[in-house]
Amino acid sequence: MRQIGPTHLVVVSDLHVNSSVGLWPPGFSVGDPASELGQNKFQRWLWGHWIEFCEWGKGFGPHVVIINGDVIQGIHPSRDIQLMTLSRTDMIGAAVEVVQPLVRGALGIYVVKGTDWHDGTSGQDMEDFARQIGACADDGTGQFSYWALPLKLDGKLFAFSHHTPVATVYHSTPLQREWREIKELHVDQGADVPDCIVHSHVHRFFMYLDKRRRPTVTTPGWQLKNAFSYRNQPFYPPDIGGIVLHVDSGGGDPMSRKIVPNPERPAYRDSGSQRDFTLEELLTELQKGSAADDGYTIEEIMDKTGKCRGWALTHIRTLYRRGQIATGWRDGMDMLNRPHRYPVYRAIKAVLE
């Protein structure tokens, strides 16, 4: 466990460099022979706010930088074609260039590994990145990146890891549960209880504060919505930004955050000639379907309404919560609130209560 003097911790995560909707440095050259690969309009927007954030975060004074996973997008062209380059060398080089405005002048740099899909098998690409930017190595293993990072500053213990427990309804619930379990475990084993726990991965900012104002948080990211996020959470815009942890807050807020106003907003788009389909009309269609053994499938609702899967699920949830329909599932709310856990959508049987 590393110990350093009082300072501020500037924390960023999920930069997803090499994604066409993630950060990308201006004027960066790729290939051999090298040719300049410029930013698209999404990346220009992100880059402007990235520079603003770096200046804001460093403005608090002496600081340490924590890069909490998923710095790069990874290269999987069979599953993901929203990429800037297929060269691993160029991808890591671009990531090194991206973080320079943040890491210059830092008292220390710590890098936490993210998911294998993005950061390479066992985090090998993240390890190369961390070595190139001069990150602080683990005294025990000699590695420049960490799976989990406990860091002690001015007598306070900070704990960082990329992955986090999640919930699709009450997002702070898993953070609160984790905090209580960790506190009990550390007390039982006679270990120091963390003063702050930081996770990332979900591209959203959430925070739980205990009675002593010790935060457990998830950090925002720096990637706009791509095909994967549109499939899984079509109407959830990501948070763009980062946080600063104040080691000696003097009794004030232990953390500052900067979240960029996101231009991506949930949008309901008409299908052209298809007029808008109201909740009442959707309810009528669902009632018709209840006469059949299987009811209507999600796909049938999409065909009838001319809308996308996200629209159908969102409006079915609304009708369910109003008590106007019931589903054929034993736990209808579980299915409706967590559709991504059921990749094959069964038929929904709707009946009036």
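**Close-up 1. The salt bridge between D128 and R88.** In this predicted model, the side chains of D128 and R88 meet in a salt bridge, with 2.2 Å from N to O. The pair links distant parts of the chain, since D128 belongs to helix α4 (residues 124-132) and R88 to helix α2, 40 residues apart. D128 is partly exposed, with a relative accessible area of 22%, and R88 likewise counts as partly exposed, at 35% relative accessibility.

**Close-up 2. The salt bridge between R131 and D128 within helix α4.** R131 forms a salt bridge with D128, in which the closest N and O atoms are 3.3 Å apart. Both residues lie in helix α4, where three residues, about one turn of the helix, separate R131 from D128. An α-helix has 3.6 residues a turn, so residues three or four places apart point the same way. R131 counts as partly exposed, its relative accessibility being 43%.

**Close-up 3. The salt bridge between R204 and D239.** The closest N and O atoms of the salt bridge that R204 forms with D239 are 3.6 Å apart. This pair, too, links distant parts of the chain: R204 is found in the loop between β10 (196-199) and β11 (206-209), while D239 is found in the loop between α6 (227-232) and β13, 35 residues away. R204 counts as partly exposed at 21% relative accessibility, whereas D239, with a relative accessible area of 17%, is buried. Elsewhere, salt bridges that share partners join R88, D125, E127, D128 and R131 into one network, and the structure as a whole holds five salt bridges.

**Close-up 4. Helix α1 and its packing.** Helix α1 (residues 41-58) has 18 residues and reaches 26 Å from its first C-alpha to its last, which is close to the 26 Å expected at 1.5 Å a residue. At the start of α1, a side-chain oxygen of N40 comes to within 3.0 Å of the backbone nitrogen of F42. The buried residues of the helix are Q43, L46, W47, H49, W50, F53, C54 and G57, and the elements against which the buried residues of α1 pack are β2 (8-12), α2 (88-103), β13 (240-246) and β14 (255-260).

**Close-up 5. The surroundings of H63.** H63 has its place in strand β5 (residues 63-67) and is buried, with a relative accessible area of 5%. A polar atom of the H63 side chain lies 3.2 Å from the backbone oxygen of G61. Leaving aside neighbours within four places in sequence, H63 is in contact with T7, H8, V10, K58, L102, G105, A106, L107 and G108.

Definitions and conventions
Residues are numbered from 1 along each chain as its sequence is written. This is a predicted model: local features need pLDDT of at least 70, side-chain atom pairs count only at pLDDT 80 or more; totals for chains, interfaces and linings use all residues. Side-chain values use heavy atoms; hydrogens and water are left out. Helices (H or I, at least four residues) and strands (E, at least two) are DSSP runs, numbered from the N terminus. The expected span of a helix is 1.5 Å times one less than its number of residues. Buried means under 20% relative accessible area, exposed over 50%, partly exposed in between (1.4 Å probe, protein chains only). Contact means heavy atoms within 4.5 Å. A polar contact is a pair of N or O atoms within 3.5 Å; within protein, one must be able to donate a hydrogen and the other to accept it, and residues adjacent in sequence count only if both atoms are side-chain atoms. A salt bridge is a side-chain nitrogen of Lys or Arg within 4 Å of a carboxyl oxygen of Asp or Glu.
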